[in-house]
Amino acid sequence: MNVLSPVTALVSAALPAGVGLLQGEHLGVAGLVGVPLALAAVVPVSAGHGAGAVRPPRTALLFACGAGAAIALQLVFLHQAPTDSGVAPLVVGRTVSSAVTLCAAAPVFRRLRPERPAYALSATAGVLDSVANLLFLLAARSGASPSSPWSPRSTRRAPSCSPAECSPNASTAGRPWASAPPRSP
């Protein structure tokens, strides 16, 4: 667990930052310093410490990377949801994730039966996950730049041009991340 959580967190932070960079956003100084430091920090953390340290199997690391990628893509998709969609992206996302989880759990349910499930802990994790997703959706709609959280600067700010110059066209309508960056004075 000591290695898998940082790997998952690193992937879930780096992937949305990469998507933001591809969409024209910029990392600030903290991001330019922090991303390489986070990458470098995973190496000593994954090495463990002491003679009894055990490295996780490759499969576990792949699952951790997959979990980070899934979290990251969920955040990217929530960020790109239309601003007038209310909480529909969260409701649809939760419905789909519940169906996927139930389908994935069905084959292993008999193997888990003898153990007493931790219902309270699982419910708490679900509540925290839902609150985190709601707060992220609110942050994305408030004009913050969640895909590059280290940057106070973002190309999502309103361009400094007249309404005639900045009228949306078919390729950028409804996509604030695709708008032109502010012009320099």
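**Surface first**

Tutor: Helix H6 supplies the largest share of the nonpolar patch, five residues. Before we go on, this is a predicted model: local features need pLDDT of at least 70, side-chain atom pairs count only at pLDDT 80 or more, and totals for chains, interfaces and linings use all residues. Residues are numbered from 1 along each chain as its sequence is written, and side-chain values use heavy atoms, with hydrogens and water left out.

Student: Which residues form that nonpolar patch on the surface?

Tutor: Val87, Val91, Val127, Val131, Leu134, Leu135 and Leu138, with about 600 Å² of accessible area together. Areas come from the Shrake-Rupley method with a 1.4 Å probe, and for residues only the protein chains shown count as cover. Patch residues have over 30% relative accessible area and no salt bridge; like charges are joined within 9 Å, nonpolar side chains (Val, Leu, Ile, Met, Phe, Trp, Tyr) within 5 Å. A salt bridge is a side-chain nitrogen of Lys or Arg within 4 Å of a carboxyl oxygen of Asp or Glu.

Student: Is Leu134 buried or exposed, or in between?

Tutor: Leu134 is partly exposed, with a relative accessible area of 35%. Buried means under 20%, exposed over 50%, partly exposed in between (1.4 Å probe, protein chains only). Leu134 lies in helix H6.

Student: What makes up the largest nonpolar core?

Tutor: Six residues: Leu75, Leu78, Leu90, Phe136, Leu137 and Ala140. A nonpolar core is a set of buried Ala, Val, Leu, Ile, Met, Phe, Trp, Tyr and Cys residues joined through side-chain atoms within 4.5 Å.

Student: And what is Leu90 in contact with?

Tutor: Setting aside neighbours within four places in sequence, Leu90 is in contact (heavy atoms within 4.5 Å) with Leu78, Asn133, Leu134 and Leu137. There's also a second, separate core of five residues, including Val3, Leu10, Val42 and Ala64.

Student: New topic: how many helices and strands in the chain?

Tutor: Six helices and zero strands. Those are DSSP runs numbered from the N terminus: helices are H or I, at least four residues, and strands are E, at least two. Of the chain's 185 residues, 20% count as buried.
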